[in-house]
Structure formats: structure tokens, C-alpha cells
Amino acid sequence: MVLAFAVALAVVIVLAPACFVVDASRSVPITTLTPPIIEEVLTKGDYNLHVVLFTLLYRRSCSECEEMYTQFQRARGLLGMADPPVDMHIFDGLAEGAAVVSAKYNIASFPVIKGYVSGLEVFTYNGPITADAIASFILSMNGPAAKEINSVKTLKKLIAEKDKVFTVGIFEAEANSAGFLLAAQTLRKLYSFYIIKDPQLISKLVSEEQYPPQGIITYRHYASDTPFEVFKLDVQNVQQISAFVRGTSLPLASVYEPSIERWYSEMPRFTVYTTVSNSKSVELLLSQMREVAQQFVGQLAFVIMDKSVSEYTQFKFASKAPVMSIVDTKNHLLYKPESPAFSVDSATAYASKYVQGHLQRYIQSEPIPARKNLVIQDIVALNYKEEVLEAPEDILIQIYYPDCIPCQKFLPTFIQLANRLSPLRQTLKIAQYNSVENEPQPGYKVTGFPTICIIRADNKEHITYSGPPDVDTLEQWVLSSIFHKPPKPEL
């Protein structure tokens with residue numbers, strides 16, 4: 001019986017089925033990247049897709065590393081027909097100097113597969129660990145990210161499509177399209193991109209349709225008041241173009257719509273919570289929010305949400321009036337103002353402080369427990385950094401939630417395990433973390449409850465237990481996984 005007490009909570013990317021034929025003669029070579037050369041390889045200006053498996057090559061305790069390494073190698077053979085070719089690499093997180101590289105490339109845990117184009121990260125793979133799924137996803141990210149438009153008729157058909165949101169780059173000089181194409185590559189899974197580069201078509205659009213000879217335009221059919229936006233900054237600046245696409249693919253302010261939820265997560269979200277069924281109140285709020293939003297296009301998405309959403313409860317607001325927050329979904333960061341009541345002036349000041357980096361994030365947490373000298377220590381979000389990330393000990397931690405029946409059944413086993421390991425308390429901290437009352441922490445791969453993890457003292461590697469829930473097996477797993485090994489008994 002595997003320790004999988006509850007249905008997995010992690011969202012799995014479901015990929016379209018693909019039938020691959022392995023062609024060994026054309027298989028993609030896999031190169032090993034070392035700290036001295038990784039930046040040189042990944043920042044090549046060749047616009048090729050570089051896929052890197054960041055793993056721990058010789059850590060036997062990391063079974064997931066071994067499995068992903070095997071499937072990554074198999075995916076190499078399935079990508080032999082990729083056009084353009086895909087460059088595939090492996091980086092060993094245990095190599096000398098690897099810690100600096102891992103920090104630079106935001107590698108929080110191993111193993112992980114990431115894709116890069118000209119030094120920019122374009123994806124992190126979160127799908128099934130199978131060769132077919134990995135190869136299928138890589139193929140979906142390979143090749144041109146912007147489809148070419150060859151006629152006025154095609155362009156007008158796209159513009160007329162209901163609920164269609166897309167961005168068009170117009171470039172008579174191909175050299176000027178580099179920034180646009182890189183931005184399209186990084187955002188291709190979220191947005192649709194097209195490019196016009198035929199000189200005759202551009203000439204026709206300029207003379208007959210009043211288009212600029214060079215430019216970037218986002219069309220959004222559903223926003224009848226402002227159905228398109230024109231980019232007015234540097235067409236070579238990838239960051240500015242990306243911010244423009246994110247900002248203009250949504251209206252200045254809107255009521256939250258699940259159908260375009262994916263776009264809300266692409267930038268920090270300024271949210272006002274109210275009773276959405278009160279249409280007069282919502283219209284007034286939207287008008288006020290648009291006034292604020294004009295100052296932060298491409299930096300914040302402005303949204304109204306109903307107070308029934310769980311996020312509103314998470315903030316524990318006391319006011320019955322419309323209140324505001326900022327949520328960075330991508331990085332799991334929450335920001336709650338000291339005075340959350342919404343007004344144009346307070347919202348403008350609050351948003352300004354955020355974009356200037358002057359806000360302290362809101363931490364959802366239980367109070368810090370008074371007692372620490374327990375066999376099993378309760379750790380909360382407020383002291384997680386001190387007690388886990390900065391602790392000199394190895395950490396054995398159970399992630400649970402109070403109403404979880406499997407968690408309750410497992411608790412006696414965990415207590416028994418803690419008592420057995422108590423002689424190691426100088427070098428091993430045994431803890432538990434309530435995932436309902438405390439915000440999620442990075443590094444864990446929580447697929448069910450309870451989840452049992454070791455955080456090693458030497459490199460803070462997170463190792464998740466996947467064996468049977470018996471105390472003997474758990475004890476052997478802990479002893480083989482921790483950095484501070486117990487002393488051998490004297491003969």
C-alpha cells in the first residue's frame with residue numbers, strides 16, 4: 001500500500017494524444033551542462049528551443065530523479081523528427097557550483113524540466129512523467145510562436161471572431177521582429193500571436209486600412225468599448241512587449257470571468273471584493289477601477305470578485321464594504337492593506353506602493369506556538385523560514401489538514417515514528433504543518449494528504465515519501481534520506 005491517502009490535489013496538464021515513432025538515427029543528442037557553460041549555451045541568440053532537465057544525477061534516494069531522467073532520455077528519441085530541432089540538456093544539481101546556478105535559474109526543487117529561448121525561460125513542465133507526454137509538450141512549444149497572416153481577408157476574419165484575443169506584429173524589416181517573436185515564445189501557451197511581414201500586404205494595410213508600417217496590436221473582440229490596443233514603446237524590448245500583451249488582453253477592469261481565468265494569473269491581480277449581484281454597485285466600482293487601472297496597464301490586472309470566493313475568506317476581512325487586495329497567483333503571494341476599504345485615492349496609493357516594491361506580503365498563518373520542546377513541533381507560516389529554511393537540522397515534516405480522515409488514521413504511526421527518532425533530536429527536527437490554516441510553502445510536491453517530507457540540512461532538498469505507511473519502513477527511509485546520519489553503535 002502506497003502512502004497516497006487522498007485523491008491528488010495537484011492539477012495535471014492533460015496533453016493531446018500523440019503517436020511517436022522512435023528514429024534512433026535522428027534522435028536528439030543530450031548534452032550535460034556544467035556551471036561554467038550553462039549560461040553560454042542557454043543565451044545563444046539562435047532562437048532554438050533549449051530544454052534542460054535539472055536533476056540530481058547520483059542521488060539514489062531521489063527515485064523521481066531517476067524516473068524523470070529515464071523518461072527524458074526516451075523523449076529524446078521521440079523528438080528526432082522535430083523541426084526545427086530541439087536542443088536537450090541535463091544539469092546536475094549536485095555538481096560543484098550548482099547551487100549558484102540553481103538560484104539564478106529559480107530551481108526550487110529537483111527534478112524539473114524547463115525550456116529556454118535566447119536565455120529567456122519559456123516554460124516549466126508540469127505534466128506526467130512519461131516520454132510521450134514530455135515529447136508531446138516539447139513539440140507544442142517548438143517552432144514559430146507567431147503564425148503568418150498573408151491576406152487582409154484572413155486578418156479581418158480573425159478580428160471578427162467572437163471572444164478571440166490575439167496580438168499581431170507588423171514588421172517589414174525582419175530584423176525588427178526579434179523582440180516580438182521572443183515575447184510570443186514566452187507567452188505562446190496563454191495567448192495567440194500572428195505576424196505580418198509580406199511587404200505587399202503591409203503596403204496595402206497602410207494605404208487602405210490606415211495601419212502603421214511597423215507595430216504591435218492586440219485585438220480583443222469582447223471589449224466593445226476598446227476592441228484593440230496599439231503598442232507604443234520599444235519593439236525590441238521583450239519585457240515591455242510581454243507586459244503590453246498581458247495588460248491589453250484584459251479590459252482595464254472587469255468582473256471576474258472563469259472563461260479567461262488563465263490570463264488573470266499572468267500578472268498580479270488587484271481585486272475588489274463585493275456583492276456581484278448588486279449591478280449598480282458593480283458598475284460604479286468598475287468606473288472607479290478603470291480610473292485607477294489606466295495608471296498601471298501591464299503591471300496589474302483589475303478585477304471584481306464576489307465575496308463568496310474562498311480567497312475573500314482567506315484574508316479574514318472585517319469590513320462589509322467593498323475591500324481590496326493584491327494577489328500574485330504565479331508566486332503565491334498575497335497583499336492585504338492595513339485599511340482595505342476601496343476608493344480611487346486609496347487604491348491608487350496602494351497599487352503604487354506595490355509596483356514600487358514597498359508592500360509587505362500578507363502571510364496566512366496560525367499564531368506561532370508558545371511551546372517548542374515537543375516531540376512533534378507545530379510549525380506555522382510565520383515561523384516557517386526560521387524553523388525550516390534556516391534551521392541547521394534535517395527536518396521531517398507531515399503536511400496535513402485537521403478534517404482529513406487519512407491524516408487522523410496516520411497520526412498514531414507518525415507519533416510512534418517520532419518517538420523512535422527522538423534520540424536524534426539534536427540533528428533532526430520532527431514537525432507538522434496545517435495546510436488549511438497556513439499558506440502553502442514552495443518546494444513540496446503535495447499530491448495528497450498527509451504528505452511526508454524530509455528537508456535535508458545540507459542543501460534543503462525536499463524528499464517526499466512514497467512507500468507504505470508502516471513505522472519500520474518509514475524509519476528506514478528517514479535514516480537513509482537525512483544528511484546528519486546517526487552515529488554507528490560501538491562494538
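Asn106 is exposed, with a relative accessible area of 59%; the classes used here are buried for under 20% relative accessible area, exposed for over 50% and partly exposed in between, with a 1.4 Å probe and protein chains only. The model is a predicted one, in which local features need pLDDT of at least 70 and side-chain atom pairs count only at pLDDT 80 or more, while totals for chains, interfaces and linings use all residues. Residues are numbered from 1 along each chain as its sequence is written, and side-chain values use heavy atoms, without hydrogens and water.

Asn106 lies in the loop between α3 and β4. Helices (H or I, at least four residues) and strands (E, at least two) are DSSP runs numbered from the N terminus. Most residues other than glycine have a negative phi, and most peptide bonds are trans.

| Item | Backbone value | Location |
|---|---|---|
| Asn106 | phi about 55° | loop between α3 and β4 |
| Gln210 | phi about 60° | loop between α7 and β9 (214–220) |
| Phe110 and Pro111, cis | omega about -5° | Pro111 in the loop between α3 (98–104) and β4 |
| Phe449 and Pro450, cis | omega about -5° | Pro450 in the loop between β18 (428–434) and β19 (451–455) |

Gln210 is exposed, at a relative accessible area of 63%. Glu209 belongs to helix α7 (residues 199–209) and is partly exposed, at 27%. Apart from residues up to four places away in sequence, Glu209 touches Val152, Lys156 and Lys204, where contact means heavy atoms within 4.5 Å. The C-alpha atoms of Glu209 and Thr154 are separated by 14 Å, with the two residues 55 residues apart along the chain.

Helix α4 is largely enclosed by the rest of the structure, because eight of its eleven residues are buried. Among the buried residues of α4 are Ile134, Phe137, Ile138 and Met141. Their cover includes β2 (50–55), α2 (63–78), β3 (87–92), β4 (112–117), β5 (120–124) and α6 (178–187). Gly143, with a positive phi near 85°, follows α4.

The largest nonpolar core has 43 residues, of which Ile113, Phe123 and Ile138 touch the most other members. A nonpolar core is a set of buried Ala, Val, Leu, Ile, Met, Phe, Trp, Tyr and Cys residues joined through side-chain atoms within 4.5 Å. Helix α4 (residues 131–141) gives the most to this core, seven residues. Beyond its neighbours within four places in sequence, Ile138 is in contact with Leu49, Val51, Leu79, Val86, Met88 and Phe123. A second, separate core of 22 residues includes Val272, Tyr335, Val344 and Ala351.

The structure holds one disulfide, a disulfide being a pair of cysteine sulfur atoms within 2.5 Å. Cys62 and Cys65 form it, with their sulfur atoms 2.1 Å apart. The torsion about their S-S bond is about 70°, so the disulfide is right-handed. Both Cys62 and Cys65 are buried. Cys404 is also buried, with a relative accessible area of 1%, and Cys407 counts as buried at 5%.
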